[in-house]
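Please look over the protein chain shown here before reading the notes that follow.

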Amino acid sequence: MHRRRGRAAGLFGAALLVVATVLTSGGAHAQPSPSASGHSSDRGEDDDRDGGRKGDHAKGPATSRPGDGPTTRPADPPATTATQGARGPAGTTGAPGAPGTPGTPGATSATASPGGATAPAARPAPAQGAVLASVEAGADAAVPTSQGLQQALAGTLADRNLGTVTFAVADAADGRLLYGSGENVPATPASTTKLATSIAALSLIPGDTRLSTRVVRGADAGTVTLVGGGDPTLTALPADQVQIGGQAADADTAPASLDALARQTAAALKAAGTTSVHLDYDLSMYTGSPQHKNHDGQNIALVVPLMLDEGKVDPRSREEAPARVADPAGQAAEAFAALLRAQGVAVEGKARAAAAPAAPGAAVLGRVDSPTVARLVERLLTTSDNQLAEAMARQVAVAAHQPAGFEGAATAVTQELARLGVPMTGVALNDGSGLHPGNTVPPAVLVRLLALAASEQHPALRPVLTGLPIAGFTGTLGKRYGSGSGSADAAGLIRAKTGTLSGVNTLAGTVVDADGRLLAFAVMTRTTAPVDTARAAMDRIAARLSACGCH
């Protein structure tokens with residue numbers, strides 16, 4: 001009895017964490033559990049950035065295929081998890097901010113237009129009654145049965161727009177598989193690959209770690225070296241022009257500033273009596289080819305440890321697949337040189353790649369730091385950020401003492417997931433973002449990853465949950481679950497990572513059912529239906545889970 005109550009209490013805390021939202025002028029955004037640095041979650045972009053209109057990369061047949069029929073595993077053992085070591089900070093699970101309630105600015109109503117007609121009001125953020133009322137009884141909520149889930153999902157799973165579909169539903173409290181079809185069949189994960197990258201990153205790297213970009217004295221007299229630290233969010237924009245997912249950055253999410261780095265460097269040089277330098281840049285942090293197999297100059301730039309604004313030609317662009325600069329490191333170095341000149345330090349000639357890595361003991365002239373790894377993980381999940389996901393995968397490689405390239409990063413992520421007890425049969429990773437069509441992950445593995453993030457044994461993984469887009473409100477789910485979708489009633493109740501490649505659509509996340517039980521789910525499809533049609537069909541599956549107790 002005591003063990004059951006302990007698990008229920010853990011579920012209740014996780015459920016509160018997952019469904020919490022706070023009001024903003026445009027709806028709601030994720031509110032993470034408090035951290036030592038007090039950072040909050042990002043607001044995300046509206047569309048997936050792992051494929052879509054410009055990024056249909058999948059070549060040949062996907063590996064997803066249907067199982068022999070729905071299978072049930074009500075007696076599966078709990079998820080196996082290794083004891084958390086001392087490598088990550090102890091996260092917190094304090095009560096998150098409460099959602100809006102009627103009468104608050106989020107509870108909008110129809111408004112009169114100048115012509116006297118009543119204009120439809122913006123949809124309000126989920127009210128407390130809609131989001132938390134059932135969760136308050138969640139500690140004693142019954143676990144759905146396989147028969148109940150089968151009956152509840154039969155209609156939505158029969159939608160022909162899904163094409164070939166495999167799926168899994170698990171109890172988030174212990175990772176136990178409740179219902180599935182083809183749940184152990186390897187399938188193309190697309191951007192749900194980012195769940196694996198994020199879990200490995202937060203398991204290996206303390207969440208309050210920041211990625212540093214430095215300027216040091218060069219090996220040659222009169223030379224300074226700009227050292228890339230693997231932060232693709234470093235920006236050249238003025239602070240008041242920085243946006244993340246269309247929202248102004250705050251103190252916790254604001255990226256490091258190249259201008260601030262130039263000012264520090266110029267001040268240090270002038271203090272030493274130096275007014276003219278040569279500039280080189282150090283890219284030695286990463287190894288191997290910087291070009292992704294599916295590099296197209298839009299969904300992703302070259303993966304190098306020094307770049308500005310994720311290599312975008314227009315750093316303000318919110319396009320799904322914006323144009324990227326051909327040489328992100330060279331462009332960043334030239335921008336830095338221009339900023340040094342603006343501070344009164346002459347830079348002779350053109351910035352060039354350093355012939356050797358900066359000396360470990362080289363005098364530091366300036367340094368700027370990224371947001372914490374926890375915040376970066378939230379950002380890459382909310383906005384489905386390919387560039388940031390690949391950078392984070394390389395941080396995993398560095399932490400695991402693997403070569404910081406595509407292969408080493410994939411090896412490091414795979415090894416860390418295995419160490420955490422994730423079953424790796426059928427898992428093949430070739431990148432950290434999910435752009436590679438050769439990646440395979442079974443649905444059962446995706447729900448196991450989500451259960452790990454909800455586990456009391458792994459509080460450091462909690463930003464994976466807080467980074468998931470909220471249905472109908474944030475990130476890549478911001479324009480889904482709307483009126484007419486057949487899933488609008490689930491808006492605000494589902495948090496999930498999206499994935500899109502040519503003919504492949506995936507959705508994996510968490511949902512609170514009608515009894516307040518927190519479930520993890522993964523739906524993976526291969527279809528010729530239009531992307532929006534396929535996505536809507538998947539959304540209705542998740543919505544059905546939110547509407548039933550499924551006993």
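In which loop does proline 189 lie? Proline 189 lies in the loop that runs between β6 (177-181) and α4 (193-204), where helices (H or I, at least four residues) and strands (E, at least two) are DSSP runs numbered from the N terminus. This is a predicted model, in which local features need pLDDT of at least 70 and side-chain atom pairs count only at pLDDT 80 or more, while totals for chains, interfaces and linings use all residues. Residues are numbered from 1 along each chain as its sequence is written, and side-chain values use heavy atoms, with hydrogens and water left out.

**The chain as a whole**

- The protein chain has 12 helices and 17 strands.

**Proline 189**

- Proline 189 is buried, with a relative accessible area of 0%.
- Leaving aside residues up to four places away in sequence, proline 189 touches Asn439, Thr440, Val441, Thr506 and Met524.
- The C-alpha atoms of proline 189 and threonine 525 are separated by 9.2 Å, although these two residues are 336 residues apart along the chain.

**Strand β5 and its partners**

- Strand β5 (residues 164-171) is largely enclosed by the rest of the structure, because 7 of its 8 residues are buried.
- Strands count as paired if DSSP finds at least two bridges between them, and β5 pairs with strand β17 (residues 518-526) in the antiparallel sense over 8 bridges, with phenylalanine 167 standing opposite valine 523 in β17.
- β5 and β6 also run antiparallel, joined by 4 bridges, and here alanine 168 stands opposite glycine 180 in β6.
- β5 and β6 form a hairpin with 5 residues between them, and glycine 175 in the turn has a positive phi of about 80 degrees.

**The disulfide**

- A search of the whole structure finds 1 disulfide, the term for a pair of cysteine sulfur atoms within 2.5 Å.
- This disulfide is formed by cysteine 548 and cysteine 550, whose sulfur atoms are 1.6 Å apart, and the link is left-handed, with -45 degrees about the S-S bond.
- Cysteine 548 counts as buried because its relative accessibility is 7%, and cysteine 550 counts as buried because its relative accessibility is 8%.

- Most residues other than glycine have a negative phi.
- Cysteine 550, placed in the segment after α12 (531-547), has a positive phi of about 60 degrees although it is not a glycine.
- Glutamate 310, found in the loop between β11 (276-282) and α6 (328-342), has a positive phi near 55 degrees, and at 4% relative accessibility glutamate 310 counts as buried.

**A charge over two rings**

- A charge sits over a ring if NZ of Lys or CZ of Arg is within 6 Å of the ring centre and within 35 degrees of the ring normal.
- Arginine 394 lies over the face of tyrosine 286, at 5.6 Å from the ring centre, and arginine 394 also lies over the face of phenylalanine 406, at 4.2 Å from the ring centre.

Note on methods
Buried means under 20% relative accessible area, exposed over 50%, partly exposed in between (1.4 Å probe, protein chains only). Contact means heavy atoms within 4.5 Å.
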